[in-house]
Amino acid sequence: MKRLVFLAVLLLAPPVRAESFKAWAARASREEREKHDDVALQSYSNALSSWKDTDGKPPKAKVLCSRAALRDRRGDEAGALADYSDCLALDKKYAMAFHRRGQLRFKAGKTALAIDDFYKAVALDIGYAQAYADRAQAYEKQGDREFAGEDYRRACGLGLKASCAKAKELKPARKGAA
């Protein structure tokens, strides 16, 4: 009798669809655009759970970085930091991920690690003005006004106007001045 009930439930139950990594990732992206963050977060996680080697590492890195950004916006800094680190383990050429991870590390008081991430971001994208400004802020926190001033000047020169005042403030003394 129990077998008949089980068989009837199986036959009458709607089919379960196993969605692919790509389908989950596309759904998550759409949900995020539509501002359904809770659902998007779950869909990113589902995408990662369904990922296979054949899906490729770059798409997985992109999903990890997207989920990290969403977690960061929602205040889950530890989750975001872990996702950015996992993303960068797969794709070491993602300047924005290095920058965002650096921001999280700086916020957590890990200034030296943050500076390292900001260095990697500007090495990948020499015109990344915000990464220069954030590295300058980290140097300033460490008390290194000379490096901070150089980075603020670079950010200012790249069009980040907020850095211009700090660049002037930390302007090096002219040689020969008393």
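A residue counts as buried when its relative accessible area is under 20%, as exposed when that area is over 50%, and as partly exposed in between (1.4 Å probe, protein chains only). The model is predicted, so local features need pLDDT of at least 70 and side-chain atom pairs count only at pLDDT 80 or more, while totals for chains, interfaces and linings use all residues. Residues are numbered from 1 along each chain as its sequence is written, and side-chain values use heavy atoms, with hydrogens and water left out.

**Salt bridges**

Side chains of opposite charge can pair when their charged atoms come close. A salt bridge is defined here as a side-chain nitrogen of Lys or Arg within 4 Å of a carboxyl oxygen of Asp or Glu. The structure contains 13 salt bridges. Three of them are listed below.

| Pair | Closest N and O atoms |
|---|---|
| Glutamate 19 and arginine 27 | 2.8 Å |
| Arginine 73 and glutamate 32 | 2.5 Å |

Helices (H or I, at least four residues) and strands (E, at least two) are DSSP runs, numbered from the N terminus. Arginine 73 forms its salt bridge with glutamate 32. Arginine 73 belongs to helix α4 (residues 57-73) and glutamate 32 to helix α2 (residues 21-33), so this pair ties together parts that are 41 residues apart in sequence. Arginine 73 is exposed, at 52% relative accessible area, whereas glutamate 32 is buried, at 17%.

Arginine 74 sits in the loop between α4 and α5 (77-90), and aspartate 38 in helix α3 (residues 37-50), so the pair ties together parts that are 36 residues apart in sequence. Arginine 74 is partly exposed at 43%, and aspartate 38 is exposed at 53%.

**Helices α4 and α5**

Two packed helices are described by the angle between their axes and the distance between the axes. Axes are lines fitted to C-alpha atoms, for helices over the stretch in contact, and angles run from 0 to 180 degrees between N-to-C directions. The axes of α4 and α5 come within 8 Å and cross at roughly 160°. The two helices, α4 and α5, are therefore roughly antiparallel to each other (angles over 145 degrees count as such).

Contact means heavy atoms within 4.5 Å. Residues of α4 that meet α5 include Leu64, Cys65 and Arg67, and those on the α5 side include Asp83, Tyr84 and Leu90.

Terms used. Parallel < 35°, antiparallel > 145°, perpendicular 65-115°, else oblique.
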